[in-house]
Amino acid sequence: MAVYACSDLHGNWELWSEIKKFLKPNDALYYLGDSTDRGKDGWAILKEMLNDERIHYIAGNHDIMLANRIGRPHDYYIASLHHSNGGLYTWEDAENDPDAEKVKNQIRCLPLYAEYENADGLKIFMSHSGSTNIDNNEDLIWDRSEYIAPKNHTKYDVVVHGHTTI
């Protein structure tokens with residue numbers, strides 16, 4: 001069994017298809033959030049990932065924005081935040097899917113981080129944003145301060161994240 005991590009497909013079906021071809025039946029994939037928005041196939045990717053037992057899905061900011069929008073579709077602030085972050089295609093698919101409420105509930109049950117110890121004994125922390133502040137949900141999906149001033153994580157050997165590239 002191999003263990004992988006990736007994030008931020010943002011609706012890229014072609015890339016998701018390549019990842020699926022690569023994964024073996026006994027492999028595990030820690031997906032660090034944001035399968036939706038920006039690209040045209042985010043809703044389909046999200047639904048597949050949420051129902052694939054090999055995938056340990058950790059919520060990202062786009063996932064939470066989507067769940068909020070499904071829960072309150074007529075809230076102007078929530079809708080404009082989601083739309084301005086590339087949510088148009090995802091929303092069009094979600095609002096026409098009878099499973100949208102179920103998917104919203106699945107998203108709301110997703111963990112915001114995972115801890116993993118690999119075969120070499122390395123302690124690995126994974127979250128969407130890279131923050132290890134497990135007491136602050138917003139930090140785990142939105143925080144970018146770690147990129148500006150990385151902290152010394154004495155509890156973890158490795159921090160794995162998505163969200164922002166530098």
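1. Glycine 121 takes a positive phi near 85° in the hairpin of S4 and S5, where 5 residues lie between the strands. Helices (H or I, at least four residues) and strands (E, at least two) are DSSP runs, numbered from the N terminus. The model is predicted: local features need pLDDT of at least 70, side-chain atom pairs count only at pLDDT 80 or more, and totals for chains, interfaces and linings use all residues. Residues are numbered from 1 along each chain as its sequence is written, and side-chain values use heavy atoms, with hydrogens and water left out.

2. Tyrosine 116 has isoleucine 124 in S5 as its bridge partner.

3. S5 also pairs with strand S6 (residues 158-160), here in parallel and through 3 bridges. For methionine 126 the bridge partner in S6 is valine 160. Strand S5 (residues 123-127) is mostly covered, with 4 of its 5 residues buried. Buried means under 20% relative accessible area, exposed over 50%, and partly exposed in between (1.4 Å probe, protein chains only).

4. Helix H6 (residues 100-108) has Ala100, Val103, Lys104, Gln106 and Ile107 as buried residues. They cover an arc of only 160° around the axis, which puts them on the same side of H6; the arc is that of the directions from the helix axis to the C-beta atoms. As background, an α-helix has 3.6 residues a turn, so residues three or four places apart point the same way. The cover over the buried residues of H6 includes helix H2 (42-50), helix H3 (61-71) and helix H5 (88-95).

5. In H5, the buried residues are Thr90, Trp91 and Ala94. Seen down the axis of H5, these residues fall within an arc of 95°, so they line one face of the helix. Their cover includes H2, H3, helix H4 (76-84) and H6.

6. The whole structure holds 8 salt bridges, each defined as a side-chain nitrogen of Lys or Arg within 4 Å of a carboxyl oxygen of Asp or Glu. One of them joins lysine 47 to aspartate 97, with the closest N and O atoms 2.7 Å apart. Lysine 47 lies in helix H2 and aspartate 97 in the loop between H5 and H6, so the pair ties together parts that are 50 residues apart in sequence. Lysine 47 is partly exposed at 23% relative accessible area, whereas aspartate 97 counts as buried at 15%.

7. Lysine 47 also meets aspartate 99 in a salt bridge (3.4 Å, N to O). Aspartate 99 lies in the loop between H5 and H6 and lysine 47 in helix H2, so this pair ties together parts that are 52 residues apart in sequence. Aspartate 99 is partly exposed, with a relative accessible area of 34%. Through shared partners, salt bridges join Lys47, Asp97 and Asp99 into one network.

8. A further salt bridge links the side chains of aspartate 75 and arginine 72 (2.6 Å, N to O). Aspartate 75 counts as buried at 19% relative accessibility.

9. Glutamate 48 is another residue of helix H2, and at 32% relative accessibility counts as partly exposed. Leaving out residues up to four places away in sequence, glutamate 48 touches Trp13, Trp16 and Lys20. Contact here means heavy atoms within 4.5 Å.

Technical notes:
Pairing = 2+ DSSP bridges.
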